[in-house]
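Hi there,

Here is the structure I promised to pass on to you. Have a look at it first, and then read my notes below.

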Amino acid sequence: MNPPASLTGLAQSWHCYWFAPETAEQLGLVRVVTYGLLFAIYLPLDDRGWTQVSPVFWMPISAFHILSGPPRNAAMIGVLQILWKVSLFTSAIGFLSRVSMITAAALGFFLLGLPNCFGKIHHLDGFPVLLLGILAVSRCADALSVDRALRSRREMPSNREVRAAPSAQYNWPVRLGQALFLLVFFAAGYAKLRNSGPAWMSASNMRSIWLGELFTHTPPTALGSFLAQSAWLCQFAAVATIVVELSALPALFARRFRVFALVGLFALQTLIALMLGVYFTPHLAGYALFLPWERYYTMLRGYPRRLPDRVSLS
Amino acid sequence: MLPIRFASLTIVGCLAITCFDIATGLEHWPFGSYPMYSVSYTEHLSWLRLYGVTDRGEIPLRGERDFAPFDEARLIMVLQRLQGARGADWKLDEALRNLMRLYNNRNARGWPVSAPLRALRLYAVSWTLRPGLDGSEPPRERMLIAQVTGDEAER
C-alpha cells in the first residue's frame with residue numbers, strides 16, 4: 001500500500017531541506033572555520049581554578065551528575081585542556097580527523113560544562129558544544145584536510161587532484177548547526193513571553209534591565225545609562241528585542257528573510273555586549289555557518305581554472 | 001542509505017530535545033531554554049554583594065577580579081541558591097571561608113597586591129533604579145547576611 005500523498009510530500013520536503021547535495025569543500029571549509037574560530041576563542045580558557053572551589057558550591061548539571069563532586073586534580077584538568085586545544089587545532093587542519101573531532105567534542109563537553117556546575121548555567125557555550133558534536137559525526141574531513149591530502153598522495157602518485165562529488169552527507173551537518181543556532185534565539189524570545197507575557201515589552205522593564213546591569217555587571221560603555229533616559233528608546237528596544245529574537249524561527253525556512261534576521265541578531269548581541277557587558281563571542285561560530293565559504297575560497301584560488309575529476313566518496 | 005538514516009536520527013534527536021526544552025523551560029545542557037533576562041524587572045533591584053573588611057574599613061569586592069574562577073553573575077547566583085538551601089547558615093559560612101581563600105590565592109598568584117582581609121561579609125543590597133544612574137551609586141539599603149573572619153578561613 002502506498003503512503004498518502006501528503007506524507008510523501010512531507011518526506012520530500014524533509015529530504016530537500018536537510019539532504020540537498022552539497023560539495024565536500026563547503027563542509028570542509030566550515031570545519032576549518034569552526035574549529036579555527038573555537039580554537040582562537042577558547043585558547044585563554046583555564047578551568048584549573050575550579051579545583052580550588054569548595055564542594056559546597058557544587059550543583060551538577062546534565063551528565064555531570066555522575067561525578068561524586070568537583071574535580072580536585074588541577075594537573076589533570078591542565079592536561080585535559082591542552083589536549084582539547086590541540087584537538088581543536090588538529091580538527092581544523094583535518095589531521096587524524098575522526099579521533100581529533102571526537103576528542104574535541106568529548107573534552108569540550110567536559111571543560112565547557114564544568115563551570116556551569118557551580119550554581120549558574122551561562123548560555124554562551126551550549127551551542128559550540130552541540131556544533132562540536134555534530135561535526136564529530138559528520139564527513140567534514142573529506143576535503144581540505146591533511147588526512148585527505150596524505151591519502152590522495154598514497155592513492156594517486158601522479159598528483160592529480162580528486163574532488164568528491166556533491167552529496168547529501170555534506171549538507172545536513174551545516175543545516176542542523178544553522179537550525180540549532182537560530183533556535184537558540186527563538187528560545188530566548190519565547191522564554192521572555194512565557195515567563196513575563198507582553199509586560200516584558202514595556203519601557204520600564206527595558207530600563208530596569210539596562211540600569212540594573214550597571215550594578216551587577218561591568219559594561220564596557222555607559223550606553224545603557226545614556227539610553228535609559230529616553231522612554232521612547234526603551235520602549236522601542238523592548239519590542240525590537242522580542243521581534244528580532246522570534247524572527248529566528250521563520251528565518252529557518254525563508255532564505256531571503258534569513259539575512260535580515262541574522263543581521264538583526266548580530267546587532268542585538270553587539271548591543272548586549274556594549275550595554276550589559278555580556279559577551280556571546282563563541283556564537284561567532286554560529287554566524288559563520290551561514291557564510292558561503294566555498295565561494296570565497298573559489299575567488300581566492302581563482303577556480304575554476306580546470307575542473308578536476310570528481311569521484312563519489314559516499 | 002545507512003548514513004542518511006543515522007543523520008535523520010541525529011537531526012530528529014537534536015530537534016526533539018531543543019523543542020522540549022523550549023516548550024517546558026527546562027534545561028538539558030548543552031541544550032537549553034535560554035531564559036536569561038526573561039523575568040519582568042521592577043524599579044527595585046535586590047542583589048548580594050561581598051565586602052572585604054580591611055584595616056581601613058570595608059571595600060566592595062567583585063567576582064571576576066577577586067574570586068576567580070567565579071564571575072560576578074555566577075557567584076551571586078550560587079550564593080542566592082545557597083541562601084535558599086537547607087542548612088543555609090552552615091553552607092554560606094563554608095562558602096565565605098572558601099571565597100576568602102580564593103581571594104588570598106589571588107595575591108599568591110601574583111595579581112596586583114590588595115589589602116589583606118580581616119573578614120569577609122555578605123550583604124543583601126538594593127537600589128531604586130531611576131534614569132541618570134551610572135552604577136557608582138552606593139546601595140539604598142544594606143543588610144548583613146553572613147560573615148567570616150580571617151582566622152575562620154584558615155581552618
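Let's start with one residue: A:Ala187 touches B:Ile22, B:Ser33 and B:Tyr34, leaving aside residues up to four places away in sequence. Touching, or contact, means that the C-beta atoms, placed from the backbone, lie within 7 Å.

This is a predicted model, where local features need pLDDT of at least 70, side-chain atom pairs count only at pLDDT 80 or more, and totals for chains, interfaces and linings use all residues. Residues are numbered from 1 along each chain as its sequence is written, while chains are lettered from A and ligands numbered from 1 in the order in which they are written.

A:Ala187 also belongs to the largest nonpolar core, which has 89 residues; A:Val184, A:Ala187 and B:Leu96 touch the most other members. (Such a core is a set of buried Ala, Val, Leu, Ile, Met, Phe, Trp, Tyr and Cys residues joined through C-beta atoms within 7 Å; buried means that 20 or more other C-beta atoms lie within 10 Å of the residue's own.) Helix 7 (residues 172–196) of chain A gives this core its largest share, 15 residues. Helices here are DSSP runs of H or I, at least four residues, and strands are runs of E, at least two, numbered from the N terminus.

Now for confidence, or pLDDT, which runs from 0 to 100. Chain A averages 91, and 93% of the residues score at least 70. In chain A, the mean is lowest in strand 2 (residues 309–311), at 47, and highest in helix 3 (residues 74–93), at 98. Where pLDDT is low, the predicted coordinates should not be read in detail.

Happy exploring!

Definitions and conventions
A residue is buried if 20 or more other C-beta atoms lie within 10 Å of its own, exposed if 12 or fewer, and partly exposed in between; C-beta atoms are placed from the backbone. Two residues are in contact if their C-beta atoms, placed from the backbone, lie within 7 Å. pLDDT is the predictor's confidence in each residue, from 0 to 100.
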